[in-house]
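Q: Could you take me through one part of this model up close? I'd like to look at a single chain-to-chain contact and what it is built from.

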Amino acid sequence: MAYPTGTFELIGLWTGWLLMLMIYSYPLYKENMVYRFAEHIFIAIFLAINMVVNFSNVVKICITPLLGGDFLMIVPLIIGILIYTMLIPDYRWISRYPIAILVGAGFGLGMRGVIKPSILDAVVSTITRPTDVGVMAWINFLYIAVGLISSVLYFLLTYEHTGPLKSPTRLGRLFIMIGLGAYFGNTVLFRFTMLTGRAQFFLQVLKIIPM
Amino acid sequence: MSGQNIFDKIQNIDRKVFYWVLFITLCVPFMMPLALPIKVVKNTRDLYEGVTGVNIEPGDIALINFGYGVSAWSECAPGIAVCTKALFREGARIVFMGSHYDVELTYNKLRSDAAADFAGKTYGVDYVFLGYFTGGESAIAQLATDAWTVYPEDHFRTPVSEIQMMNDFHGWEDIAVVLTSDTGDVGSYFLRQWQGSHGTLLAEIGIAMNGSTDYPYYLAGNYFGLSIGSRGGAELEVLIGEPGEATTSMDSINASHILIVLAVIMANVGYLVQRRQA
Amino acid sequence: MSQLLRREAVFAITGIVTVLMFVEYFFFPQDWIVASTIRNWAVIIYNLSLGLGAVRLIMQHVMGTQRRRDNWQFSLLFLVAFVIMLFTGLAGYLSTGVATSNSIYNWLFNHVYTALGATTYAITGFYIFSAAYRAFRARNVDASLMLIAGCFVILSNAPVGEVIWSGIPVIGEWFRFVGQVPGMRVFGVVGALGTIAYGFRALLGKEKGFYAGGAEE
Amino acid sequence: MTFILLILTFAAMYYYMYLGKQGKTFKIRTLPAIQAIPEAVGRAAEMGQPVMWTPGIAGGLNDSTQGPQTLAAISILEYVTEECVKAGVKIAALCPLPDALPLVEETMRTAYTAQGKPEEFDDEFIRFFSGQSAYMTGTLGYLQRERPASTILVGGFYYESVIIAEGGNTIGAMQIGGTNNTHQMPFLVATCDYMLLAEELYAAGAAISGNPDALGSIKGEDMIKLLIVTITGVGFLLGAAGITFIADLLGM
């Protein structure tokens, strides 16, 4: 992408750059008026985009088919609108109906879908011996199996971590800590990559590096 | 305060000092690139091999979900660009869709990042952009069984019945491979409602933060491949032989990662000395 | 009657919809029109429900402006920016079917929203850095293990790790690809069971958290 | 196999919920973070400073993954408030969740009433913040001004956890954390003296509320966990010997 030359594009580029500085004035300085200015603009614009996109989506998946003769679409449209009764204290209970359908579908799909990948496939993967012949592959095989067993034991919530459960649950917690450490390391990559993108934009607008 | 020794002072450096140091550390490498070699790990290679070679036949349909917005372009866009190029070069057709309000911007960016590959393709025949969807897990499950109810029209309001390649896509059976790139939960919806339920080939081009939670699913075979964050994107750029945004950002990643580890070591030395003194 | 409409019928609908999803999954290998229709309704209801948060936020800022609460000027700014973006977007959508066809909306979308979106979410990078410095201490064995795994993963995620010492990617990748697996896999297992437990209680009408906080009218 | 495991899980949960209804009580194991609450309150009493409770911004009650965390956090608030009333310590609830506010208020008011001091409850104990940055800034400001002796950070957190917990650390507060959001766990583990990891948060909520349905389903979950441990253990030994019977069975 080349550095823009059109007036509106240039104004846009610099507006974005200034707004970025306004937002970063918060961590780099402290909470202040320019930060609040940028923050409110962001929330307002985000919300408006959100409403425009959702409106067009409702038209696409519901209103257009309805006008095209699919009269059954009137049902979800009415039920969906009922969710706004939440804003009227006396009729708030009506909003429970659309929520009930959302909750029912969400839980039905969640419960039916979660068992295979999160439990069954996880256990099968843990107990399937490595195809590699190296010693390290077998050590890893043992590590993961012992790790999974002991950390599931750690999450036994109605048994005290004493007696025979004391050592395995302690071990389980250590496995979890290693997992959280790796998670932290990956989080650093994620957050710094996002900042890196901003640092690049900062320099590109100033023409210090090419766009 | 005058009684503070060096270790006390180390413990109490003003946070703004860190922020400035970090921002400068991120900026400098762009001006003085080092371009260190990037090693490709197995999960990234599996992803690349899954979208190239014998796995993809010309005419197969791939589904690419933009589960990220502009905020995560640096993490997700490079990986998606490489996979799009690779799929097009294999002759695959691609359906693009997304779960962020700004999906149109992301789609436009991809068209710009892979401009040469899009140039030889025809909209509606080789690829289609369905646009935004919402509805959480229900929508993804519905997409698997009756895609046209989730998307009666494409992003540009053309009815899907009038789009040539959409006549070949009604549900999960028509899709050879799904690539999803997420900051949120949409990948797990595909995992449960497509891969778990129908055995669809699925890969995640995820943000690094989710790398830890995604990896066990890759290991169990739920994902045939996995790209983790900008590093995964850089590895994919190595594999396709076209360095891009992710490769460029690796220098800043190098500098900032060294900085944070040094900071943690310094703080812990101070802490341990203080504790011994106490 | 009131109790029936306000509570029992609601729980019954939740239960029926949940069971329909199960029946489809376990007994209809292909598509089942009943479940598919209900799911399509859920998608439409979900879309409609997304405006609720927006309405609340707008009401809050309208009241803030009307009553001249603290920082009401920012509430006014919010409302002005919101109205401009909303109307230009709707104008674009209604005229051509694509909101970005309106040049003002498109300009704000491309330059203001993009810049602020990318910037706002990246801000955490700063906090993570200072938190790592101030909080990550080898206080005990647990914290030390987390610290060691974290540092090796950080260094192995950056190509420079290998330049510093060839052992870094070896150890770091072990933590990334083996070391963390039991810990993360257990979160998958207990998370799945937690989802089922919570869903099961909701199915039986024992979880009232969703229903507007469960408070009785 | 998915069907069988789902039915087994339902059956186990239903059975223990039924036993709970019949009067059988299930005890949640000792959770050091919960045991530490009286210590946290005692510390505040000694120092003459308040205790702060905050539930994070993620947990809108209608959200199926985040909402339960808020409900568990409110159960913990009930216990913390009761302890504070007993010890004559001030408690501040900093809440960024509008839909949870009525529950927070009701919970605190009930705890004051239960301790026979309804007149001491003041709405001012609850502070509401709208939006994440207002929440972060407001909470950091509160920490600096009021310098609470202890902070209880339990619930569904997003990245404000890093900032608030670091702020609490800076003023030397004793911190008790808890979340089921994996992405925030490393930060709370690093910054808090005690931590409720993942499901422990729900268990703590259930233990405090004494809800027989929640306790029964947790007991049922435990049975399934034991089954998973057994299958993994046996499957591992057989798998190592090259016998794939269990893996094949689970993969059906």
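A: In this predicted model, chain C and chain A bury about 10,400 Å² between them, and 79% of that is on carbon and sulfur atoms. Chain C puts 110 residues into the contact, and chain A puts in 107 residues.

On the polar side of things, 18 residue pairs are in polar contact across the interface of chain C and chain A, both residues being at pLDDT 80 or more. As for who supplies the surface, helix α10 (residues 181-203) of chain C gives the most to the side of chain C that touches chain A, namely 18 residues. Sort that side of chain C by class and you get 76 nonpolar, 24 polar and ten charged residues.

Now for the charged pairs. Chain C and chain A share three salt bridges, while a search over all chains of the whole structure turns up 24. One of those between chain C and chain A pairs the side chains of C:Glu24 and A:Arg112, at 2.9 Å from N to O. C:Glu24 sits in helix α1 (residues 2-27) of chain C and A:Arg112 in helix α4 (residues 96-127) of chain A, so this pair joins two chains. Both C:Glu24 and A:Arg112 are buried.

Another one brings together A:Arg173 and C:Asp142, with 2.6 Å from N to O. Here A:Arg173 belongs to helix α6 (residues 166-205) of chain A and C:Asp142 to helix α7 (residues 141-157) of chain C, so the pair again joins two chains. A:Arg173 and C:Asp142 are both buried too.

Terms used: Residues numbered from 1 in each chain as written. Chains lettered and ligands numbered in written order. Predicted model: local features only at pLDDT ≥ 70, side-chain atom pairs only at ≥ 80, totals over all residues. Heavy atoms only, no water. Contact = heavy atoms within 4.5 Å. Buried area = accessible area lost by both parts, 1.4 Å probe. Salt bridge = Lys/Arg side-chain N within 4 Å of Asp/Glu carboxyl O. Polar contact = N/O pair within 3.5 Å; in protein donor to acceptor, adjacent residues only side chain to side chain. Helix = DSSP H or I, 4+ residues; strand = E, 2+ residues; numbered from the N terminus. Nonpolar A, V, L, I, M, F, W, Y, C, P; charged D, E, K, R; others polar. Buried < 20%, exposed > 50% of the residue type's maximum accessible area, 1.4 Å probe, protein only.
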